Amino acid sequence: MKLETLAIHGGNIVSDTEKPVVQPITLSTTFVHQPESMIYARANNPNRHTLEKLLAALEKGADAAAFSSGNAAGVSVFQSLEPGSHIIAPDDMYHGLKNAILSIFKGVLECTFVDMTDLDKVEQAFQPNTKLVWVETPSNPLLKVTDITAVANLAKVMGAILACDNTFATPVFQNPISLGADIVMHSSTKYFGGHSDILGGALITKELDEFWEKVKNVQISGGAVPSPMDCYYLCRSIKTLPYRMKGHAEHAMVLANFLSTHDAVEKVYYPGLKSHPGHMIAANQMSSFGGVVSFQVNGGADVADRVISKLKYYINATSLGGVESLIERRAASEGPDTLTPQNLIRVSVGLEHLYDLLDDMENALK
């Protein structure tokens, strides 16, 4: 099946004798004992089983594990490492996972944060106990682009696992497993959910190996799993994912071009722009460039806040990937230890009419 067909038909596994067109929601927490049956909802559920099969197929992986949040998914990878293991992670990455590494795993795991766009720095960061390389591309919020294949080759030589956060690109635009990654991570809260009303996360593995067994054990034993209702709604939302992503990317490209020529804007971060330092790598490993644009206004945090306060159609809120446009001064959300410029604004470009979005931004920047 092509991607659009898979998104629609891959999320239906119907066992009901009435053969409904849409898979029903199974709310039972326990199941009658019988050969090869499900036993308990923390371990499995028909809706979660369907979601995981769909996610694995979309990312061209062997298996998937769904979690109650993106952070729960990412943390499960770290939990599956042996104490004393060393991680190489991006200097620009989702702050929630970075904070988890620095707080929850302080004294348990070692981590070196590097600029993943510089392969020499990545290679120099490897240590004898390096077990995991974490990649996020495009990154949050500076939209840095990492050459997944090049880093995957380094990790393979060094005997480390490569995990890639593919939240910004989604499998519509990028397949890290096809580029050499061992594990792909998603915050399914974002584009998979697509409507800012479902919390979830997911991991997809290239192979059913020993490390994946550890990840699945963390999922089942730890119990940070999504509800049947969440799994049902994610499968429903994924049906429109390919078409939503095309709209997000189209709008983001136009907005990025608009901002790049505006006198009130200091700098624009979007890999679709030819001026972006990672444009050629992105064009090689992505089929399109995603729906998130970041930019710095001329001035400080006060100017950025003033621009945001004047907008009508961009909602000042954290998160991304919804049909509505979301905007925020990212440093204000990340806290006092952030390395993000104080005048940087991150935009999750929505599916409103493009002219409304452009007019609204033009009026706010005046």
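Author: We can start with the overall picture and then go to single residues.

Author: This is a predicted model, so local features need pLDDT of at least 70, side-chain atom pairs count only at pLDDT 80 or more, and totals for chains, interfaces and linings use all residues. Residues are numbered from 1 along each chain as its sequence is written, and side-chain values use heavy atoms, with hydrogens and water left out.

Reader: How many helices and strands are there?
Author: The protein has 14 helices and 12 strands. Helices (H or I, at least four residues) and strands (E, at least two) are DSSP runs, numbered from the N terminus.

Reader: What is the radius of gyration?
Author: The protein has 21 Å, which agrees with the value near 21 Å for a compact globule of 366 residues. The radius is taken over C-alpha atoms, and the globule rule is 2.2 Å times the number of residues to the power 0.38. Along its principal axes the C-alpha trace spans about 70 × 55 × 35 Å.

Reader: How much of the protein is buried?
Author: Buried residues make up 55% of the 366. Buried means under 20% relative accessible area, exposed over 50%, and partly exposed in between (1.4 Å probe, protein chains only).

Reader: Switching to histidine. Where is His248?
Author: His248 sits in helix H10, residues 241–260. Its relative accessible area is 0%, so it counts as buried.

Reader: What does the His248 side chain reach?
Author: A polar atom of that side chain lies 2.8 Å from the backbone oxygen of Val349. A polar contact is a pair of N or O atoms within 3.5 Å; within protein, one must be able to donate a hydrogen and the other to accept it, and residues adjacent in sequence count only if both atoms are side-chain atoms.

Reader: Which residues is His248 in contact with?
Author: Leaving aside neighbours within four places in sequence, the contacts of His248 include Tyr191, Gly290, Gly291, Gly321, Gly322 and Val323. Val349, Gly350 and Leu351 are also among them.

Reader: Now H6. Which of its residues are buried?
Author: In H6, residues 148–158, the buried ones are Ile148, Ala150, Val151, Ala152, Leu154 and Ala155. An α-helix has 3.6 residues a turn, so residues three or four places apart point the same way.

Reader: What covers the buried residues of H6?
Author: The cover includes helix H5 (119–125), strand S4 (130–136), strand S5 (161–165) and helix H11 (279–285).

Reader: And the ends of that helix?
Author: At the start of H6, a side-chain oxygen of Asp147 comes to within 3.3 Å of the backbone nitrogen of Thr149. After H6 comes Gly159, with a positive phi near 75°.

Reader: Where are Pro138 and Pro141?
Author: Pro138 lies in the loop between S4 and H6, and Pro141 is found in that loop as well. Leu143 is another residue of the loop between S4 and H6. Its phi is positive, near 55°.

Reader: Is Leu143 buried or exposed?
Author: Leu143 is buried, at 1% relative accessible area. Lys19 also has a positive phi, about 55°, although it is not a glycine. Lys19 is in the loop between helix H1 (3–9) and H2, and at 58% relative accessibility it counts as exposed.

Reader: Last one, H2. Is Glu52 buried or exposed?
Author: Glu52, which lies in helix H2, is buried at 8% relative accessible area. Not counting residues up to four places away in sequence, Glu52 touches Ala64, Ala65, Ala66, Lys216 and Gln219.

Reader: And Ala57?
Author: Ala57 lies in H2, residues 46–58. At 35% relative accessibility, Ala57 is partly exposed. Its C-alpha atom is 9.3 Å from that of Ile204, 147 residues apart along the chain.

Notes:
Contact = heavy atoms within 4.5 Å.
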